[in-house]
Amino acid sequence: MRAVRVACVQNDPAFGVRDANLDAAEALLEGVEADVVVLPELFASGYSFRDRAEAEAAAEPFPDGPTVRRLLAWSRRRGAAFVAGFPERAGSRVHNAAAVVADGRPLACYRKVHLFAFEREVFDAGEDGFPVVEHRGVRVGTMVCFDWIFPEAARSLALAGADLIAHPSNLVLPWCQRAMPLRALENGVFTVTANRVGTEHRSPRPVLRFTGGSLVAGPDGSVLAQASADGTAVVVAEVDVLRARDKRLPGGNDRLADRRPHCYGAPTAPSKDA
Ligand code: ACM
């Protein structure tokens, strides 16, 4: 048994008021004890950027921007790892990114690979794949929101050795909360989807309603903890990461070792725009 406490934060940020959103997230974290804490995608900036210029203005370098500095301070104070979304500026590029920090140190910056809908107008797609870092014996992988619909994302993380997939999200479609237990089951990992609630209406973009229901799922496809569809919340689950190291199923199959990639062809071939 290697017990790890994971916390999944469901917040309700207002667009464009980063410092107030950081203070509100800090208030939500009050009294929460966990080894790994996951916050939503773009959790302090808000989501619905009107255009590229607005995203550029909000974007911060990693790790020397105000949002990541705050995450570093939280992680140092709590001796925890934090995974949380923020808009990243890297030279002339702007990414929908997630910072991975632990014990006051920056460990990785994931740049969202699969951009959703209007995000393609305001962000550059990540090209660096999906990171896995180790913190106190648990291997934490990261993907962001819409990556969920591409099973290759979670599978890449499992093949890279992730025990737990941190999944900062701003979900607006209704399916992901049902899909994540399957991502956990098919890969034999824990998943931690931190979603937000509330609405944003930033004309001319449509009204966006975020669907909450943040959840932790286990390698057997069970839901270990889940927040409601509305309201801010922090849900906590204690997980045994050693369960994610054994990919065997009843009957003796192994979810990763028994794959037969030479028979798959198409899933590993370039897509039409690659
Ligand atoms: C999403 O990727 N934020 C839907």
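Figure 1. Leu215 stands opposite Gln226 in E13. This pair belongs to strand E12 (residues 215–217) and strand E13 (residues 223–226), which pair in the antiparallel sense over three bridges; two strands are said to pair if DSSP finds at least two bridges between them. Five residues lie between E12 and E13 in this hairpin, and Gly221 in the turn has a positive phi of about 85°. Strands (E, at least two residues) and helices (H or I, at least four) are DSSP runs, numbered from the N terminus. The model shown here and in the other views is predicted, so that local features need pLDDT of at least 70 and side-chain atom pairs count only at pLDDT 80 or more, whereas totals for chains, interfaces and linings use all residues. Residues are numbered from 1 along each chain as its sequence is written, and side-chain values use heavy atoms, with hydrogens and water left out.

Figure 2. Phe62 and Pro63 are joined by a cis peptide bond with an omega of about 5°, and Pro63 is found in the loop that runs between helix H2 (52–58) and helix H3 (66–78). A cis peptide bond also joins Ser203 and Pro204, where omega is about 10°; Pro204 lies in the loop between strand E10 (199–200) and strand E11 (208–209). As background to this view and the next, most peptide bonds are trans, and most residues other than glycine have a negative phi.

Figure 3. Arg136 is not a glycine, although it has a positive phi of about 45°, and it lies in the loop between strand E6 (132–135) and strand E7 (138–142). Is Arg136 buried or exposed? Arg136 counts as exposed because its relative accessibility is 53%, where exposed means over 50% relative accessible area, buried means under 20%, and partly exposed means in between (1.4 Å probe, protein chains only). Cys145, which is likewise not a glycine, has a positive phi of about 35° and lies in the loop between E7 and helix H5 (151–159). With a relative accessibility of 6%, Cys145 counts as buried.

Figure 4. Which residues does Glu56 touch, not counting residues up to four places away in sequence? Glu56 touches Arg89 and Val94, a contact being defined as heavy atoms within 4.5 Å. Glu56 and Arg93 are 37 residues apart along the chain, and their C-alpha atoms are separated by 8.5 Å.

**Figure 5. The protein chain from which the close-ups are taken.** The protein chain contains six helices and 14 strands, and its C-alpha trace spans about 55 × 45 × 35 Å along its principal axes. The radius of gyration of the protein chain is 18 Å, which agrees with the value near 19 Å that a compact globule of 274 residues would have; this radius is taken over C-alpha atoms, and the globule rule is 2.2 Å times the number of residues to the power 0.38. Buried residues make up 51% of the 274 residues. Of the contacts in the protein chain with a separation of 6 or more, 69% are accounted for by residues 24 or more positions apart.
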